[in-house]
Amino acid sequence: QVHLVESGGGSAQPGGSLRLSCVASGNIASINAMSWYRQAPGKERELVANITSSLHINYAGFVKGRFTISSENAKNTVYLQMSSLKPEDTAAYYCMMWIQLPGYPYSREYWGQGTQVTVSS
């Protein structure tokens with residue numbers, strides 16, 4: 001059984017910063033990629049950023065240099081440093097990892113439960 005747990009969400013003022021963390025636990029053979037998604041009320045879930053095991057990084061266009069994704073593979077942890085926050089960044093943020101279990105030839109998606117980020121003055 002694999003579990004992903006996010007932390008670090010909360011409230012911030014416009015222009016402020018928050019740092020999200022997500023830790024995976026369980027019987028894990030390898031993690032091939034880690035991602036952050038977000039979903040605002042009434043909107044579809046969208047990719048924010050992802051980082052592969054080889055540290056290749058992609059960001060959504062709306063990030064525009066404001067967010068930084070990083071990982072500590074030895075700790076099965078991914079971070080999202082968010083700066084210059086805007087009210088439109090308000091959403092539930094979810095981490096997702098492609099995880100391979102011991103004895104399995106392929107990896108699959110695992111999702112966290114989400115952490116709320118609210119940006120308002």
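A disulfide here is a pair of cysteine sulfur atoms within 2.5 Å, and by that rule this structure has one. Keep in mind that this is a predicted model.

**The disulfide**
- Cys-22 and Cys-95 are the partners, with their sulfurs 1.8 Å apart.
- Cys-22 sits in strand β3 and Cys-95 in strand β9 (residues 91-100), so the bond ties together parts that are 73 residues apart in sequence.
- Both Cys-22 and Cys-95 are buried.

- Six bridges hold the antiparallel pairing of β1 with β3 (residues 18-26); Val-5, for example, has Val-23 in β3 as its bridge partner.

**Salt bridges**
- Asp-89 pairs with Arg-38 at 2.9 Å, N to O. Asp-89 is in the loop between β8 (77-82) and β9 while Arg-38 is in strand β4 (residues 30-39), so this contact ties together parts 51 residues apart in sequence.
- Asp-89 also meets Arg-66, with the closest N and O atoms 2.7 Å apart. Arg-66 comes from the loop between β6 (57-59) and β7, 23 residues away from Asp-89.
- Asp-89 is buried at 0% relative accessibility, and Arg-38 is buried too, at 7%.
- Arg-38, Glu-46, Arg-66 and Asp-89 link up in a salt-bridge network.
- Lys-75 and Glu-72 make another salt bridge, at 3.6 Å between the closest N and O atoms. Lys-75 is exposed at 52% relative accessibility, whereas Glu-72 is partly exposed at 30%.

Definitions and conventions. Residues are numbered from 1 along each chain as its sequence is written. This is a predicted model: local features need pLDDT of at least 70, side-chain atom pairs count only at pLDDT 80 or more; totals for chains, interfaces and linings use all residues. Side-chain values use heavy atoms; hydrogens and water are left out. Two strands pair if DSSP finds at least two bridges between them. Helices (H or I, at least four residues) and strands (E, at least two) are DSSP runs, numbered from the N terminus. Buried means under 20% relative accessible area, exposed over 50%, partly exposed in between (1.4 Å probe, protein chains only). A salt bridge is a side-chain nitrogen of Lys or Arg within 4 Å of a carboxyl oxygen of Asp or Glu.
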